[in-house]
There are 2 protein chains.
Amino acid sequence: MSLDEFGLIGRYFQRAVLQQAGGHDAVALGIGDDAALLEPSPGCQWVISTDSLVQGVHFPEQYSPDDLGYRALAVAVSDLAAMAARPLGFTLALTLPVIDESWLSAFSEGLARCAVDHRISLIGGDTTRGPLNIGISVHGEVTRGRALRRSGARPGDLLCVGGPLGDGAAGLAVVLGQPLPDALQSAGKDYLHARFWRPRAQCELGLALSGIASGGMDISDGLLQDAGHLAAASGVALHIRSAELPSSPALRCWPPAQQLDWMLRGGDDYVLLFSLPPEHGVLLQDWQQRGWPVSLIGQVEQGSGVWLDGQAVAGDGGYQHFKESADG
Amino acid sequence: MSLDEFGLIGRYFQRAVLQQAGGHDAVALGIGDDAALLEPSPGCQWVISTDSLVQGVHFPEQYSPDDLGYRALAVAVSDLAAMAARPLGFTLALTLPVIDESWLSAFSEGLARCAVDHRISLIGGDTTRGPLNIGISVHGEVTRGRALRRSGARPGDLLCVGGPLGDGAAGLAVVLGQPLPDALQSAGKDYLHARFWRPRAQCELGLALSGIASGGMDISDGLLQDAGHLAAASGVALHIRSAELPSSPALRCWPPAQQLDWMLRGGDDYVLLFSLPPEHGVLLQDWQQRGWPVSLIGQVEQGSGVWLDGQAVAGDGGYQHFKESADG
């Protein structure tokens with residue numbers, strides 16, 4: 001990597017270099033050579049995903065750098081969780097308009113905190129001068145043939161989510177300083193702020209789903225839109241019951257119509273959406289007892305598309321959330 | 001990857017999706033799910049490098065998009081060659097100010113051409129609206145323990161380069177329209193233009209060096225500066241003989257002092273620099289006969305730093321080439 005090991009990344013980002021990320025000595029060679037070396041576990045496949053974050057597109061103009069560092073990595077790791085992969089390492093390609101030491105210190109602090117929370121190690125990077133752009137590639141491993149694919153949902157399966165919906169959109173309302181319901185207390189505001197800026201990728205749940213769930217993905221663009229991708233990739237219909245959608249106490253401070261809209265179409269939730277063969281339905285209770293807020297929200301049927309309370313959902317049910325797609 | 005499989009990358013970049021990249025079915029799952037899956041060969045380690053290119057920093061304001069697509073990937077693949085890795089797949093994180101179909105078509109053409117030349121497949125990506133930024137992460141594999149590291153050069157080894165030096169800097173002079181020597185014919189100009197915009201990463205040579213060379217890297221920031229990194233990582237002195245430095249016929253159109261300066265301090269050459277235990281010295285002739293323009297340029301000795309014709313080279317011998325480091 002064209003990383004100067006004596007440069008920015010070496011100086012600021014050592015805190016994000018972890019020993020034994022992934023629970024074993026996966027990083028054979030980290031920062032400082034032309035490339036990093038990872039040691040896969042026997043029988044595993046490599047899982048790779050890349051994301052880039054642009055100011056004003058993926059995050060507001062007003063932000064704190066430590067929150068940004070956390071969020072940039074967490075969003076990328078969520079794609080590993082969505083494949084049932086164990087996180088191992090990540091690279092950081094950082095384009096910065098100026099070298100601002102306090103910004104770098106705070107950003108790297110948030111990034112390192114997220115690396116520790118998700119047990120993923122910084123293995124390399126690249127810094128360049130230019131308009132702010134944060135590129136993160138994440139690398140993990142999964143037992144061969146046990147990745148959680150979008151194409152595996154089958155008629156008869158249970159449709160489930162990994163946690164409350166709508167918090168990403170409500171969190172964005174808090175972050176942007178929009179008018180908030182009177183009932184929302186400061187603890188609720190803090191919770192939603194953290195759900196937006198410091199989402200926790202559901203890696204443990206993803207690992208538990210490996211070889212158990214028939215299909216799955218993470219919800220980043222809103223339940224309906226992402227369910228549409230799962231339905232299309234699997235060639236099935238997904239039937240969702242609105243009364244079953246899980247919400248947080250903080251979200252329930254908003255009027256019911258707003259709650260429902262955000263649960264269905266809000267972006268940035270980063271919880272898993274997965275299909276579970278009915279014989280594994282008993283696991284839902286086990287997982288809830290382990291503290292994972294999984295919920296049954298509907299079922300997989302023959303057909304196509306996404307259905308809400310028996311009504312077909314038109315094409316793209318997605319929410320125009322903060323991220324404005326370049327494909328739009 | 002937050003790639004919309006129906007989006008830009010799916011539409012324009014299919015040509016860069018190769019079958020049997022790396023010579024086997026390494027890509028178990030490509031574009032379209034939350035992440036890609038690669039299947040490592042038994043006994044291999046995974047090699048990862050990331051680069052980002054910013055307009056006005058890594059490439060001139062005036063460029064043709066197909067050249068840019070080629071160069072962006074080739075520069076990244078050179079880091080795999082530098083580790084003696086076999087290229088397998090790459091991800092593309094593309095930030096674009098506007099959706100310009102002719103730009104995308106040309107850029108993807110150049111990128112795909114480079115992918116074919118280096119047998120590396122596009123496995124995923126992400127597109128975003130914002131100031132132009134091209135992030136590429138490359139993935140390859142190397143037999144366990146046989147990566148070409150910077151730390152392995154030993155006193156007594158032969159110091160070698162994989163091809164002519166100084167062409168990157170001379171190529172930049174051509175690209176920028178600077179005054180050129182009268183002796184430089186159009187074939188020479190074309191050669192240098194291609195050396196700048198379409199460098200060929202030395203992957204085949206890298207593979208041949210695996211388990212043979214004691215240490216190595218690619219030259220991207222100029223021979224003296226990069227030799228300094230090799231010397232420091234290995235804890236040795238590198239002695240270079242200026243009379244042995246290989247140059248192209250095109251470069252030799254410039255006055256000797258300019259030639260030497262570019263060979264020593266010019267950037268963007270992307271040829272390998274490696275140390276060879278003396279018992280393998282006979283291989284140099286074999287490799288030359290296979291068409292690889294390797295040259296012996298000096299030797300590794302006890303001590304530290306880089307020495308040119310017996311004189312110590314001061315600290316950072318690097319050339320302030322087109323890339324202006326953010327660390328500067």
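User: What covers the buried residues of H4(A)?
Analyst: In this predicted model, the cover over the buried residues of H4(A) includes helix H5 (186-197) and helix H8 (256-265) of chain A.

User: And how many residues of helix H4 of chain A are buried?
Analyst: Helix H4 (residues 167-175) of chain A has 8 of its 9 residues buried, so the rest of the structure largely encloses it.

User: Which ones are they?
Analyst: The buried residues of H4(A) are Asp167(A), Gly168(A), Ala169(A), Ala170(A), Gly171(A), Leu172(A), Val174(A) and Val175(A).

User: What is the phi of Gly177(A), which follows H4(A)?
Analyst: The phi of Gly177(A) is positive, near 70 degrees.

User: Let us move to chain B. Is strand E4 mostly covered or mostly open?
Analyst: Strand E4 (residues 86-96) of chain B is mostly covered, with 10 of its 11 residues buried.

User: How many bridges join E4(B) to strand E6 of chain B?
Analyst: There are 9 bridges between E4(B) and strand E6 (residues 133-143) of chain B, and these two strands run antiparallel. Within that pairing, Ala93(B) has Gly135(B) in E6(B) as its bridge partner.

User: And E5(B): parallel or antiparallel to E4(B)?
Analyst: Strand E5 (residues 121-129) of chain B runs parallel to E4(B), and 8 bridges join them. In E5(B), Leu122(B) is the residue opposite Phe90(B).

User: Through which helix does the chain cross from E4(B) to E5(B)?
Analyst: The chain passes through helix H3 (residues 101-118) of chain B on its way from E4(B) to E5(B). This β-α-β crossover is right-handed.

Note on methods: Residues numbered from 1 in each chain as written. Chains lettered and ligands numbered in written order. Predicted model: local features only at pLDDT ≥ 70, side-chain atom pairs only at ≥ 80, totals over all residues. Buried ≥ 20, exposed ≤ 12 C-beta atoms within 10 Å, placed from the backbone. Helix = DSSP H or I, 4+ residues; strand = E, 2+ residues; numbered from the N terminus. Pairing = 2+ DSSP bridges. Right-handed = clockwise from strand over helix to strand, strands pointing away. Contact = placed C-beta atoms within 7 Å.
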